[in-house]
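Please look at the sequence and the model shown below before reading on.

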Amino acid sequence: MTVQQCLRQQEAWSKARGPADAEQIAPLDRASFPGSHSAGINAGNGGKNRREFLTYIWAGTLAAMTVGTGLAAYQFLYPRRPANEFGGRFFLGAASNLPPVGSDPKANVDGRFWLVNTEDGPRAFYNLCTHKWGDMWIKYRWDPTRARFECPACGAKFSLQGHYIEGPAPRSLDQFMIEIVTGRKVVAKTMFAEDAIVSPGVPSSEAEIVVDTGTIIEGLPRTASPLLKGYRG
Ligand code: FES
């Protein structure tokens, strides 16, 4: 056999064996070699998936915050009850319109509350006695000569701060939540401490006073009153 014949023979063998070798070897190369084109594509997908995952988390958080803020703004701007109607919010204007501290309370007929300004902050007392006369809830009144609230039905008495003094009432006066608003944001509102109802502080005379007649805060039991004199049922 000549050299040329020998080369042709080798070329023929190579052509005959080539496809079979490729089938056996190529899969091993793609699966096992980390630097292969195939591994590179997988790493790229992993990075892309992580980025997409973080993007979804971030977008979801942003959407939840946006919805929450939108809901709060909507509830503030469009409350369930119309403004200045009983059951809704009463916008009383700037804190400078509050009665002077310690002065007689102001009746708000539509809102059914007495507005009081005390050393501890403004309060809005629901104008119904906390004692029920038969089946009826009775409106109490302010007695300027004695500087206290008195119920005309069976004589319960309460101080300017709403504390129970005497009579059959089971608790001090109920009150509506007060909110202090600055720049359309509620910055303080009536809160509960362990054994007290805490009026919101007023940060400035421009702060707006809002009384929420949809939120009633029950007075504390008469036994918790600092002015308790006695009980006559
Ligand atoms: S109804 Fe007010 S004290 Fe009885």
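I209 is buried, because 24 other C-beta atoms lie within 10 Å of its own; a residue is called buried if 20 or more other C-beta atoms lie within 10 Å of its own, exposed if 12 or fewer, and partly exposed in between, with C-beta atoms placed from the backbone. This is a predicted model, in which local features need pLDDT of at least 70 and side-chain atom pairs count only at pLDDT 80 or more, while totals for chains, interfaces and linings use all residues. Residues are numbered from 1 along each chain as its sequence is written.

I209 lies in strand β15, where strands (E, at least two residues) and helices (H or I, at least four) are DSSP runs numbered from the N terminus. Leaving aside neighbours within four places in sequence, I209 is in contact with L92, G93, A95, L98, P122, I178 and I180, a contact being two residues whose C-beta atoms, placed from the backbone, lie within 7 Å. The C-alpha atoms of I209 and F90 are separated by 8.4 Å, although these residues are 119 apart along the chain.

From here the reader can turn to strand β4. All 6 of the 6 residues of β4 (residues 121-126) are buried, so this strand is largely enclosed by the rest of the structure. Strand β3 (residues 113-118) pairs with β4 in the antiparallel sense over 6 bridges, two strands being paired if DSSP finds at least two bridges between them. The two strands form a hairpin with 2 residues between them, and within this pairing L115 has A124 as its bridge partner. β4 is also joined by 2 bridges to strand β11 (residues 175-182), again antiparallel, and there the bridge partner of A124 is F176. Not counting residues up to four places away in sequence, A124 touches F113, L115, Q175, F176, I178 and V211.

A124 also belongs to the largest nonpolar core, which has 27 residues, and is among the members that touch the most others, together with F113, F125, F158 and V211; such a core is a set of buried Ala, Val, Leu, Ile, Met, Phe, Trp, Tyr and Cys residues joined through C-beta atoms within 7 Å. At least two residues of this core come from each of β1 (89-94), β3, β4, β10, β11 and β15 (208-217), and the largest share, 4 residues, is supplied by β3. In soluble globular proteins, nonpolar side chains tend to be buried together.

Further pairings are found elsewhere in the chain. Strands β5 (residues 128-133) and β6 (residues 136-139) run antiparallel and are joined by 3 bridges, with K132 opposite W137. They form a hairpin with 2 residues between them, and G134 in the turn has a positive phi of about 65°. An open sheet is formed by 4 strands in the order β7-β8-β9-β10, with antiparallel pairing; its edge strands, β7 (141-143) and β10 (164-166), each pair on one side only. Within this sheet, 2 bridges join β8 (residues 148-150) to β9 (residues 157-158), and F149 stands opposite F158.

For the chain as a whole, the secondary structure comes to 2 helices and 15 strands, and buried residues make up 22% of the 233 residues. The average pLDDT, the predictor's confidence in each residue from 0 to 100, is 81, and 72% of the residues score at least 70. Among the elements, helix α1 (residues 3-32) has the lowest mean pLDDT (51) and β8 the highest (98). Over residues 19-44 the pLDDT is below 50, and beyond near neighbours in sequence this stretch has 5 contacts in the model.
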